[in-house]
Every structure is written in structure tokens, then in C-alpha cells.
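Subject: Structure handover

Hello,

Here is the structure we talked about. Please load it before reading on; my notes follow below.

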Amino acid sequence: MRVLFLGTAAYEGHPNVFCDCDNCRKVREAGPDNFRLTSAVLVNDDLLIDFGPNIMAGAQKTGSTLFNVRTLLITHSHSDHLYLPNFGYRMDRYNASYERLSPMSVLANSTVLSLISDSVYFDPDKTILLIAEAYKETVLNDYSVIPIPAVHKVKEGEQALLFLIKKKGKSFFYATDTGPLDEFSLKLIKSFLDSPLDLVAIDSTLGFMKEVTFPYHQTAEQVVSTVETMRKNGIMDDTTKIYAHHFSHYPNPTQGELERFYVRFGIAVAYDGLSLEI
């Protein structure tokens, strides 16, 4: 699997264009290589995770095409993960290659699917909506996908999801937006694995925040603790590539500062345009 990070920020991007805090100033001074678009990941060239407002910018910034995407996984309905006008780029009136465009299977919770199907951008000829059920393995276009419930606050009655993705003996756990997972979830994740994970992208939204008043994301310290627990449980080992991901602006400094912190724990830091092979 080739995994390309199209964006690595939380809702407001980093720097927040309307903010003048210390971290936003530091990132601006460090230059565009430190800038972060809202989070999304492209696997190979045919599976996309999340569909926020910066999808076009992320693809253009990395020189990527999304023409071959046949599978879209959406974690939840927050607007940095689901931006409905993106579906318009696939519609006949806006796409000169419409006749050659493959139908795209969308795996998501029922809230997200209802928002898509009720949208003016929904094209039933090119969009297949599939309900994601927690811990139920689904095979989509040669990928095995297992939705894992996230610890995240969304619309009433909605369950945000993480995704465990497997293909040809390789595994990738996309684990944002979420607070720390409980032992029950970790045991079930392990049950789907024949060997430790090859790659993990883990929620790091709250960075160096001291007082946690929002338990639905993770601080840097919680990231370290989660990784230690997953190593003890055998979900990860020394060969697992572990990347902190999904950064909010106010508790997260520059790429270099984040790297200096996380490297001590065997954790790397994702950035826009990062490409990995597993």
C-alpha cells in the first residue's frame, strides 16, 4: 500500500488564517512546508479517507488525481471530514471525463449517508452508499475494511468511526478523530490482525494542551500512552510505522518542534504530502 497524506490538520487548518497566536505565527515564519490542510489520506490511487473542504487543494498540492478513487471512507459528519460539494466535482456538468469515471463506493455511518443522499450533489449513477457497521468486515475493491467505533462527539445518534484497512497482507489503522480507546476495542482490533499493524495514523489534535476539557481527541501525552498500550497488547511492534496526525493550531507548534517531542517515543509526525510505502 502507498499512503499519501493530503492534509494533516484539524477543522481550522494550521495556521488558522484568522489567528495570530504564537503557534500560528511560528508556523507562518517556518514557511509553507509547515502549513497543514484539513485531514485526508489517499491509499494507492483508489481509496480515499475523508472528504473535507480541502480535498481539491490537497490533491493539487501533491500533484495527485482522484479520478481513480473507487472507495471513499468517511469517519463522521463534521464539516472538515464531509464537505458535500466535493461530490459535485464528479457530476456530469462539472466533469469532462464523466463517462469514464468509475462508480465510487462510500462506506460511512447512517448519518453521513443520509446527508449525502439528501444533497443536491448526490449522483446515484456514480455513487454507491454502504452502511458501515462497527466491527463488521467489509470487502471493497480488493480492500478489507473494518469500522471501529471512535470516542468522539458528533450529532445525536451518530457514531464516528475509525478504519482498519487490510490488503495483501498489509494493514493500516486510521485512528482520528478519537479520544483514547478502551480495552474492549483494542482486543477486537487485535482479533482482526494476523500480525502487528504496519501503519497507524493516530489522533494528535490536542498536542501540548495541559488541561483536557474535551475528551474526544488526544493530547501528545495521550498519544504516547495509547501507543504504549497498543504495543503491550501486540497491536503494534517495533516494525510498525506510527504517525501522529490531525493537528489543531492552538496546542501544536511547528513540524520540527513536534518531531523533537515524538521521536523520543518512536513516533513520527505526519505532514501534508507525506508518502509512505508499506
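Helices here are DSSP runs of H or I with at least four residues, numbered from the N terminus. Keep in mind that this is a predicted model.

Surface patch

By that numbering, M56 lies in helix 2, residues 55–61. M56 is partly exposed, with a relative accessible area of 39%. Together with Y83 and Y89, M56 forms a nonpolar patch on the surface. The three residues share about 280 Å² of accessible area.

Cysteines

How many disulfides does a search of the whole structure find? The count is 0. C19 is in no disulfide, and its nearest cysteine sulfur, that of C21, is 3.5 Å away. C21 is in no disulfide either, with the sulfur of C19 as its nearest at 3.5 Å. C19 has 18% and is buried. C21 has 21% and is partly exposed.

A buried arginine

R36 lies in the loop between helix 1 (22–30) and strand 2 (40–43). R36 is buried yet has no salt bridge. Which side chain of opposite charge is nearest to R36? That is D272, 4.9 Å away. A salt bridge has to fall within 4 Å. The side chain of R36 does reach the backbone oxygen of A270, at 2.8 Å.

Best regards

Notes. Residues numbered from 1 in each chain as written. Predicted model: local features only at pLDDT ≥ 70, side-chain atom pairs only at ≥ 80, totals over all residues. Heavy atoms only, no water. Patch = residues over 30% accessible without salt bridge, like charges linked within 9 Å, V, L, I, M, F, W, Y side chains within 5 Å. Areas by Shrake-Rupley, 256 points an atom, 1.4 Å probe, with all protein chains shown as cover. Helix = DSSP H or I, 4+ residues; strand = E, 2+ residues; numbered from the N terminus. Buried < 20%, exposed > 50% of the residue type's maximum accessible area, 1.4 Å probe, protein only. Disulfide = S-S within 2.5 Å. Lys, Arg positive; Asp, Glu negative; His and termini not counted. Polar contact = N/O pair within 3.5 Å; in protein donor to acceptor, adjacent residues only side chain to side chain.
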